[in-house]
Amino acid sequence: MADNISSKDDLPLDQESGMFVYLINIFLVVIIVYLIYKILRGQQTPNITPSEPELPKMKKQDFTVEELRAYDGTGPDKRILIAVNSKVFDVTKGHRFYGPEGPYAAFAGRDASRAFATFTVTPGKDEYDDLSDLNPAEWESVREWEEQLDSKYTYIGKLLKPGESHINYEDEEKGSIEEKKDL
């Protein structure tokens, strides 16, 4: 009976190679299963901390340079407004860029036109800047930034020149609502 039990050394060569291939296949299957597990696990959404609630949309209104300064992201509602080419935009949803700790915090609550024109990240003037000394290339840069902000953020109103009066946009909104009712 002891003669019938064969040892590994007694196996024919093709059985030994078959055993070797079998072990390699098992090893490869284990690696593939592990890699699939890592891929699927990596695609899970990470635990995201809840973001701050979105602020209600601002009513359309105009701002003086002084009024605009109040919206630098440090106020109670943390709203951030930026003016470019006399247009005021609500950039609050970009607070990581324009908020107090952001790389472009110098633009918050200010007219950023000159900074965008000259590619500088410094606070603008504290008074109205008519930008009359900009060259054509700088004006083109201002217009490009204006278009970019207009496509990404909400337009709120105008940045007023000294002596210019505020416009009551509620009358315009009521007129457009009444026109829609008539249709």
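Let's start at one residue: S141 counts as buried because its relative accessibility is 7%, where buried means under 20% relative accessible area, exposed over 50% and partly exposed in between, with a 1.4 Å probe and protein chains only. S141 sits in helix α5, which covers residues 136-152. Helices here are DSSP runs of H or I with at least four residues, strands are runs of E with at least two, and both are numbered from the N terminus. Leaving aside residues up to four places away in sequence, S141 touches F116, A117 and F119, a contact being heavy atoms within 4.5 Å.

A word on what you are looking at: this is a predicted model, in which local features need pLDDT of at least 70 and side-chain atom pairs count only at pLDDT 80 or more, while totals for chains, interfaces and linings use all residues. Residues are numbered from 1 along each chain as its sequence is written, and side-chain values use heavy atoms, with hydrogens and water left out.

Now step back to the whole chain. The protein chain holds 6 helices and 4 strands, and from the N terminus on its elements run α-α-β-β-α-β-α-α-β-α. Of its 183 residues, 27% count as buried. Among contacts between residues at least 6 apart in sequence, 60% join residues at least 24 apart. The accessible surface of the chain comes to about 13,600 Å², with 56% of it belonging to carbon and sulfur atoms; these areas come from the Shrake-Rupley method with a 1.4 Å probe, and for residues only the protein chains shown count as cover.

Back to α5, the helix that holds S141. Its 17 residues should span 24 Å at 1.5 Å a residue, and this agrees with its end C-alpha atoms, which are 24 Å apart; the expected span is 1.5 Å times one less than the number of residues. The buried residues of α5 are E138, S141, V142, E146 and L149. Seen down the axis of α5, these buried residues fall within an arc of 140°, so they line one face of the helix; the arc is that of the directions from the helix axis to the C-beta atoms. What do they pack against? Their partners are β1 (81-84), β2, α3 (95-98) and α4 (113-118). On the other side of α5, P136, A137, E147 and S151 are exposed. At the start of the helix, a side-chain oxygen of N135 reaches to within 3.0 Å of the backbone nitrogen of A137.

One of the elements that α5 packs against is β1, and I82 is found in that strand. I82 counts as buried because its relative accessibility is 0%. Again leaving aside residues up to four places away in sequence, I82 touches K87, V88, F89, V91, Y98, F107, A108, R110 and A112. The C-alpha atoms of I82 and T92, 10 residues apart along the chain, are separated by 9.4 Å.

Next, the aromatic rings. Rings of Phe, Tyr and Trp (its six-membered ring) pair if their centres lie within 6.5 Å; planes under 30 degrees apart count as stacked, over 60 as edge-to-face and the rest as tilted. By this rule there are 8 aromatic pairs. In one of them, the rings of F89 and Y155 have centres 6.0 Å apart and planes at 70°, so the pair is edge-to-face. This pair links distant parts of the chain, with F89 in strand β2 (residues 87-90) and Y155 in strand β4 (residues 154-158), 66 residues apart. F89 counts as buried at 0% relative accessibility, whereas Y155 is partly exposed at 29%. Another pair joins Y104 and F107, whose ring centres are 5.7 Å apart with planes at 10°, so the pair is stacked. Here Y104 is partly exposed at 32% relative accessibility, and F107 is buried at 3%. Ring pairs also link F97, Y98, Y104, F107, F116, W145 and Y153 into a cluster.

Finally, look at the backbone in two loops. Most residues other than glycine have a negative phi. S86, although not a glycine, has a positive phi of about 70°. S86 lies in the loop between β1 and β2 and is partly exposed at 26% relative accessibility. L131, also not a glycine, has a positive phi of about 60°. L131 belongs to the loop between α4 and α5, and with a relative accessible area of 3% L131 is buried.

Key:
Polar contact = N/O pair within 3.5 Å; in protein donor to acceptor, adjacent residues only side chain to side chain.
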